[in-house]
Each structure stands twice: as structure tokens, then as C-alpha cells.
Amino acid sequence: MEKKTLGNTALKLTKIGFGASGLGNLYHEITYHQAEIAVDNIWNMGCRYYDVAPHYGAGLAERRLGLCLHKYDRCKYILSSKVGRILKPRFEPGEQLPNDFPNEGPFNRYYDYSYSGIMRSYEDSCQRLGTNHLDIILMHDIGSYTHGDNHDKLFKIAIESGYKAMDELRSQGLVKAIGMGCNEHEIFKQSMQYTDFDCFLLAGRYTLLDQTADDGFLDDCVKKNISIISAGVFNSGILATGPVKGAYFNYAPASTEILAKVRKIYQVCNKYNVPPIAAAIQFPFRHKATISVLLNALSEKHMANNMDYLYQSIPTEFWKEIDKLNFL
């Protein structure tokens, strides 16, 4: 699979990366055997970039991914995880998130963007993954989308304290690249004033349906040689399922307005005989800031289809008509 260089680093990421949230039982429970088969399949298809987070299943996804990758040469793949959440043993029942990660690990999550919190988060992830280093660490879910009125306070801690830890880990060679992973690009723009990040993992804000990040931010990333790793390219599923009853957008049932926008996209897809999933996967690469798209399909059929969609020919006229929809 084709690879692209991340920022000013020597890291080369495959154009399709594996987002391991499903290994943490995202929305439905799977077995370790299913997880192992999924990772082996994606490996055999040429994927060499794997992303995970402590949040996914309260450590379960990291543990499973580490075990599944253990058989492979550590020098042959790129591994990223998130920092900013600490997991602590849960001794009281009833605090799990059954709607997100059923039968997750017995741990509570605590946000900690301080120097010590980032260092502990990094070390804990290495332990759960069974590796002596991570290639990329991403400050996870900082921003008003997650923290509301507490954002300003936490952002100050993250920049003045947590970023220092990330920069030290990079300068010591314990990681090769540092960045942020969020659902809002505004926090990336804010952080660029104070940091020297290598990459941003942007979820759901530069897609067929939602192009709000294309407001000059992506161009600024190119100028600063900051790479974009794109996630959430189906916007919580609606671009894959289509505008059907019960379709989800941004982790919630889609509004009437969103359903109408997706119908327009699907009409253009039908006109040019372009599979909507192929268009969704290829769209982020239209901007040269994007180097990799994270997908989290677990079934071999879906994985194989996604690989085919990555290279499916899409006519220029299709993209021109999509651009006219103007979903910025």
C-alpha cells in the first residue's frame, strides 16, 4: 500500500490506517479471536499504521491490539495512541458506558493534561500495548466540544504543562511525532500559536458532508508541514448507510437538514455511478495536508471493499459537482 511521509519526520504512514476503537467493543461486544482475525486481515492487506486510545473500552482496545500485533516485527509498523486520559481501577459498579463500550475494562477515566499526567498516560499505554515505545502520541479530546466551560482552564494546563512532556518524549526519541486528536479543528488552530506539533488527527471535519476544516486551516497545515490524519470519514455512519431512518451523524441521530444533504450527495454519486463509500474514503486526500485515513472495519469483506474503494477511479466531474454543494 502507498505510504506518505508525516510532517518533518521520517515516519511513513500507509494511506489507510486501522482505527482500533472496535477492538474496545465500540457499540457491540466482540471476542479476542475476532479481534485477532481482524488485525491479521488488515495486516495482510498491507496496512502498517494502527491507532488506538486508552478511552476505547477503558484500556481493552490497547490490550487487544498489543496482543494481536505482538507476532509482527515492531519495526514494520507505525503505532499511535492518545494521551490525556488516565485509567484507574473501578471499585464501584454502575459507572460503565454500556452504550459506547459494552463489557469494557474495569477502569474509570480521568482527564489529565498535566506534565505528569501525559508521562503516566504514555507509560501506561506502552504497558497495555506491550511495546517499549509509541511512534506517535496525540493529545486526546482537548477542546470545548468535550469540556465545555472547562476548556480554557484545561487548555492552559495542556499547553503550559502537557505539551512540555510531549515535546520531551519527542526530543528523547521515545516518540517520533506528537500532535492532537479531536473532533474540532478550532482547537488545532488555537494550539498552533504555542506548539510545534507534527500532526493532527481530525475526526469528521473534512468529509463529503462536513468540510468546516477547509477554512484556511488545512492550507496553514501545509505551510507549516503539519500532517493531517483523517478519521470519521463517514460522519458516524451516515455516509456509509445513506439517508435512511435511524442514520447517525456526529454520534447522534441525523437531523432533517443532514438527511437532506446526504440525499444530495447520494444523488451525485448515482449520477456518476460512484460508490458513496469510495467517495467518502477518497475525499480527504483531495487536500494535500492529508496523509492517511483511519478506518475501523472489522469484517474481512468490509476491509477488502475499503481497500478497493481507495483506488477506485472517480471522474473529475463528480468532484466538481460535489464542490458545488458547498458543505463548508
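I looked up helix H2 (residues 60-69) first. Its buried residues are Leu 60, Ala 61, Glu 62, Arg 64, Leu 65, Gly 66, Cys 68 and Leu 69. Buried means under 20% relative accessible area, exposed over 50%, and partly exposed in between (1.4 Å probe, protein chains only). Helices (H or I, at least four residues) and strands (E, at least two) are DSSP runs, numbered from the N terminus.

I noted that this is a predicted model: local features need pLDDT of at least 70, side-chain atom pairs count only at pLDDT 80 or more, and totals for chains, interfaces and linings use all residues. Residues are numbered from 1 along each chain as its sequence is written, and side-chain values use heavy atoms, without hydrogens and water.

Next I asked what covers the buried residues of H2. The cover includes helix H1 (32-44), strand E4 (49-51), strand E5 (78-83) and helix H3 (115-129).

Then I turned to salt bridges. A salt bridge is a side-chain nitrogen of Lys or Arg within 4 Å of a carboxyl oxygen of Asp or Glu. I searched the whole structure and found 19.

Arg 120 is partly exposed at 38%, and so is Asp 124 at 22%.

In helix H5 (residues 151-171) I found Lys 156 and Glu 160, also four residues apart. Their closest N and O atoms are 3.0 Å apart. Lys 156 is partly exposed at 47%, whereas Glu 160 is exposed at 54%.

Note on methods
Contact = heavy atoms within 4.5 Å.
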